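This briefing goes through one protein model by topic. Please keep the sequence and the structure open while reading.

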Amino acid sequence: MTGTGGRGDGVAHGPALGAADGPAAGIADGVPRPRWAPGEQILWRYRDHAPGRGGPVHICRPVTVVRDTDELLAVWMAPGTECVKPVLADGTPVHAEPLATRYTAPRTTVRSRWFGAGVLKLARPGEPWSVWLFWERGWRFKNWYVNLEEPRTRWSGGVDSVDHFLDIAVYPDRSWVWLDEDEFAQARRVGLVDASLAHRVREAGRAAVEVVKEWGPPFRDGWRDWRPDPRWPVPVLPEDWDRTPAHMTS
């Protein structure tokens with residue numbers, strides 16, 4: 001789902017845009033356009049865990065494009081955005097299920113609103129993680145969140161990935177901690193993560209930690225001072241949020 005929205009990548013003290021951030025080229029039916037323009041609306045999706053590219057879409061978040069270049073895709077998920085998330089078959093939140101059965105109990109998906117402040121998501125092409133920025137109310141910066149995942153594939157309406165359970169929290173004082181190691185271990189026990197994938201995820205995590213230690217991009221790039229364009233509307237979740245793309249690219 002692409003839209004128009006307000007143009008411009010934000011206000012206040014965010015990183016400067018380059019010429020490559022201008023309007024994207026046209027699109028033929030079903031074929032991804034080279035670049036999305038700032039202010040366009042796309043879907044940021046995660047597929048359920050399965051061999052290859054993953055199973056059906058079970059997480060879908062409509063977002064607004066902030067920047068889309070050869071080096072970075074940045075998107076904004078506004079407060080109150082209607083999203084899709086997994087729940088247990090009886091509607092119980094996934095995190096409420098005991099760890100031993102959390103990944104084997106039957107599931108479904110539901111629509112729900114994103115609560116709290118918005119989230120800025122940053123992803124470099126080909127990297128097996130994305131970096132999310134969280135703020136408290138009133139734009140008090142909280143932390144960065146490194147989400148380990150499959151490198152995203154692009155399609156005409158957005159990007160798809162598969163989450164790898166293990167994450168890293170990075171704080172304003174540059175300290176960091178591993179998150180969800182228990183979930184990663186359980187995913188291995190129930191066969192959602194095999195030995196080969198576990199090795200790749202750990203390697204990706206170590207590589208991400210090195211970027212944090214060196215305070216490399218995007219941590220040093222001033223994104224914590226970025227603010228969304230107030231003209232941007234909250235994106236709408238389409239009825240066909242789980243559609244299968246005709247063409248995908250990395």
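Helices and strands here are DSSP runs, a helix having at least four residues and a strand at least two, and they are numbered from the N terminus. In this predicted model, the protein chain has two helices and 14 strands. Strand β7, residues 119-123, is where Leu122 sits.

**Confidence and overall make-up**

- The protein chain has a mean pLDDT of 87, and 84% of its residues reach 70 or more.
- Residues 1-29 have a pLDDT below 50, and in the model this stretch has 86 contacts beyond near neighbours in sequence.
- The protein chain has 250 residues, of which 48% count as buried.
- Among contacts in the protein chain with a separation of 6 or more, 63% are between residues 24 or more positions apart.

**The helix pair**

- Helix α1 spans residues 181-189 and helix α2 spans residues 195-214; their axes are 10 Å apart and the packing angle is about 160°.
- Because angles over 145 degrees count as roughly antiparallel, α1 is described as roughly antiparallel to α2.
- The crossing in which α1 passes α2 is right-handed.
- On the α1 side, the residues that meet α2 are Glu181, Phe184 and Arg188, and their partners in α2 are Ala195, Ala198, Val201 and Arg202.

**Backbone exceptions around the helices**

- Most residues other than glycine have a negative phi, and most peptide bonds are trans.
- Asp180 has a positive phi, near 60°, and is not a glycine.
- Asp180 lies in the loop that runs from β13 (176-179) to α1, and with a relative accessible area of 28% it is partly exposed.
- Trp215 also has a positive phi, near 50°, in a residue other than glycine.
- The loop between α2 and β14 holds Trp215, which counts as buried at 10% relative accessibility.
- Pro218 is in the loop between α2 and β14 (226-227), and the peptide bond that leads from Pro217 to Pro218 is cis, with omega near 5°.

- Is Leu122 buried or exposed? Leu122 has 2% relative accessibility and therefore counts as buried, since the cut-off for buried is under 20%.
- Leu122 and Pro218 are 96 residues apart along the chain, and their C-alpha atoms are separated by 7.6 Å.
- Leaving out residues up to four places away in sequence, Leu122 touches Leu72, Leu73, Ala74, Ser130, Val131, Leu133, Pro218 and Trp223.

- Strand β9, residues 140-149, contains Asn143.
- The relative accessible area of Asn143 is 7%, so this residue is buried.
- Which residues does Asn143 touch, not counting those up to four places away in sequence? They are Trp132, Leu133, Phe134, Ala169, Val170 and Tyr171.

- Pro79 belongs to the loop that joins β4 (73-77) and β5 (82-88).
- With a relative accessible area of 37%, Pro79 is partly exposed.
- Beyond residues up to four places away in sequence, the contacts of Pro79 are with Trp114, Gly116, Ala117, Gly118 and Val234.
- One of these, Trp114, is 35 residues from Pro79 along the chain, and the two C-alpha atoms are 6.0 Å apart.

**Cysteines**

- The structure holds zero disulfides.
- Cys60 is in no disulfide, and the nearest cysteine sulfur, that of Cys83, is 7.6 Å away.
- Cys60 counts as buried, with 0% relative accessibility.
- Cys83 counts as buried as well, at 5% relative accessibility.

Methods
Residues numbered from 1 in each chain as written. Predicted model: local features only at pLDDT ≥ 70, side-chain atom pairs only at ≥ 80, totals over all residues. Heavy atoms only, no water. Disulfide = S-S within 2.5 Å. Buried < 20%, exposed > 50% of the residue type's maximum accessible area, 1.4 Å probe, protein only. pLDDT = per-residue confidence, 0-100. Contact = heavy atoms within 4.5 Å. Axes fitted to C-alpha atoms, helices over the stretch in contact; angles between N-to-C directions. Parallel < 35°, antiparallel > 145°, perpendicular 65-115°, else oblique. Left-handed = near helix turned anticlockwise from the far one by under 90°.
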